[in-house]
Amino acid sequence: MLKSIGSNWVVTLLTIVVLYLLTPFTLHELGPQGYGTWLLITSMNGYLGLLVLGVPMASVRYFAQHVANHDNVKLNEAIGSCTGLYLLLGLIALVIGMGLYAFFTLYGIPTPLHSDARSAFAVMVLFVAVGFVALLPEGILAAHGDFVPRNMVRLGSLVLRLGLTVGLLTWNASLTVLALVQLGCLVFDFGACLLVMRYRYPGVRLGLSGFDWAVVRQIFSFSLFVLVLNAGARLSFETDSMVIGAFMDVGHIPHFTIANSFIIYLMEFVVAIAAVVMPAATRLQTQGKLPELREIFLKWSKIAFSLTVMAGLFLLVLGPRFIAWWVGPEFEHSAGEVLQVLMISYLIFLPVRGVALPILMGLGKPKLPTVGFLIAGLLNLGLSIALVSPLGITGVALGTAIPNVLFAGLVLVVACRALGTSVGEYARYVVPRAALGAIPVLALLLWFKLGLEVRGLVGLALAAAAMSLVFGIIWVLFVYRNDRYVAMRLRIPLLRASSRA
C-alpha cells in the first residue's frame with residue numbers, strides 16, 4: 001500500500017513542479033485577461049464532467065470486487081457496461097456543451113479574445129466528452145492495485161504537457177493552442193494506459209461485448225451517489241472562478257486561482273492516499289477484514305494530518321512571499337490572503353477528504369457524505385455570492401472555507417461509526433502529538449519571516465529545508481514515538497543495517 005501511495009505522491013510532486021513552471025509562463029504569455037479567460041473556460045467545462053454520473057468511482061469499486069474474487073467474466077461484463085455508458089455520456093456532453101457555449105458568450109470576455117476563446121471552449125468540450133472513455137484503463141489498473149505503472153504513464157503525460165505548452169505557446173500564444181495541448185495529452189494518456197492494461201491483463205477486454213443492463217443498474221445504484229458527491233465538489237472547487245468573473249472582472253480570477261492552486265495540489269497529494277484506500281476498503285470488506293481497515297483508517301489519517309500540517313504551516317507563514325517571488329509582487333497581498341484563509345480550513349478538511357471519505361465510499365456507504373458534500377457546495381456558492389461584493393476574492397475564499405470545515409466534521413462522525421471507533425479515539429490518536437510537534441516548526445517559520453525577513457528564492461528554499469529537517473526530527477522522535485501502528489524506532493535500525501550491508 002505504501003508503494004502505491006508513494007508512487008501517487010511522486011506524480012503529485014512532479015505535477016506541482018510542472019504547475020510551478022507553467023503558471024507564470026502561461027500567465028505572462030496570455031496576459032491576465034487571457035489567462036483569466038482560460039480559467040473561466042476550464043471552470044465551466046468542469047461541470048460537463050458531472051455527466052459522467054459518478055461511474056468512474058463506482059466502476060472502480062465494482063471492478064475491485066471482481067478482482068478480489070478473481071472473476072474475469074464479471075469483470076469484463078462490468079467493463080463492457082461502463083464502456084457503453086461512457087460513449088453515451090460523451091455524446092450527451094457534446095450536445096450540452098453547445099448550450100454552455102451560448103452561456104459562455106454572456107461573460108464579459110475582452111473583445112480581442114472573442115474568436116480565440118470560443119474555439120478554445122469548443123476544443124475543451126471535446127476534451128471532456130472524449131475523456132469519459134479515456135477513464136476506463138485507469139479504473140481497471142486501479143482496481144488491480146496497479147498504481148505504479150499507471151503513474152509511470154502519468155509522469156510521461158506531465159513531461160509531454162510541459163514540453164508542448166512551452167513550445168507551442170512560445171510559437172503561438174493562444175487559448176486554442178493551450179486547449180489542443182490538453183486534448184493531445186489525454187490521447188497519449190489513454191493510449192499508453194491501454195497498452196499497459198493489455199500487457200498486464202490479457203484476459204481483460206475493453207469493449208462493448210460484455211454490456212449488460214443488469215450490471216448497468218447495479219453501477220447506477222452506487223454511481224448516483226457519486227454524482228451527488230461530484231456535484232458538491234464542483235460547487236466547492238470549480239465555481240469560484242465563475243463567481244468572480246460574474247461579479248468582478250476576469251482579471252481578478254488569476255489572483256484567486258493562483259492561491260487556490262496551492263491548496264488544490266496539496267489536496268491532490270493527500271487524495272493520492274484516497275486513490276489507494278478506496279479499493280483497499282472494498283477488498284477488505286469483501287474479505288471480512290474490518291479490523292485491518294480500522295487500522296488503515298487511523299494510521300493514514302494521522303499521516304494525512306501530519307503532511308497537511310507540514311505543508312500548511314509553510315503556506316500560512318511564507319506562502320504569500322513565495323507567490324510574490326513566483327508570479328509577481330502585485331499578487332502577494334490579494335492571493336496571499338486567499339491562500340491563508342483557505343489553508344486554515346484545509347487543515348481540518350484534507351485529512352478527512354483523504355482517508356475517511358474514500359473509506360466510506362469503498363464500504364458502499366455514500367449517502368450521508370455525498371448529500372453533505374452537495375449541501376456544502378451549495379452553501380459555498382451562496383456564501384461566495386453574498387461575500388464577493390463586500391470582501392472581494394477574500395470573501396469568495398471564506399465562502400469556500402466555512403462549508404468545508406462543516407463537511408469534514410460530518411464525514412468524520414459517519415466514518416467513525418461505520419468502522420466501530422469513536423471520534424474521541426480518532427482525535428486522541430491523530431491530533432495531540434502532531435499539534436504539539438507543530439509548535440516548534442511554526443516558531444522556526446515565524447523567525448524566518450519576521451527575524452530574517454526572507455523573500456527571495458534562496459531564503460525561501462532555506463526556510464523550507466530547515467522546516468523539513470526540524471519537522472522530520474520531531475515527527476520521528478516525538479509524534480510517532482511508541483506509535484501503535486507505525487514503529488519508527490524499529491524501522492530506523494533496519495535502515496541503518498541495510499545501509500551497512
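Is threonine 394 buried or exposed, and what is its relative accessibility? At 15% relative accessibility, threonine 394 counts as buried (under 20% relative accessible area; exposed is over 50%, partly exposed in between, with a 1.4 Å probe and protein chains only).

A note before the views: this is a predicted model, in which local features need pLDDT of at least 70 and side-chain atom pairs count only at pLDDT 80 or more, while totals for chains, interfaces and linings use all residues. Residues are numbered from 1 along each chain as its sequence is written, and side-chain values use heavy atoms, with hydrogens and water left out.

**View 1. Threonine 394 and its surroundings.** Here we are in helix 13, residues 393-418 (helices are DSSP runs of H or I, at least four residues, numbered from the N terminus). Beyond its neighbours within four places in sequence, threonine 394 touches Glu337, Val338 and Val341 (contact: heavy atoms within 4.5 Å). Glutamine 340, 54 residues away in sequence, has its C-alpha 9.7 Å from that of threonine 394.

**View 2. Helix 8, residues 240-247.** Helix 8 is largely enclosed by the rest of the structure, because 6 of its 8 residues are buried. Look for Asp240, Ser241, Met242, Val243, Ile244 and Gly245.

**View 3. Isoleucine 96 in helix 3.** Helix 3 spans residues 72-104 and carries isoleucine 96. With a relative accessible area of 37%, isoleucine 96 is partly exposed.

Technical notes. Helix = DSSP H or I, 4+ residues; strand = E, 2+ residues; numbered from the N terminus.
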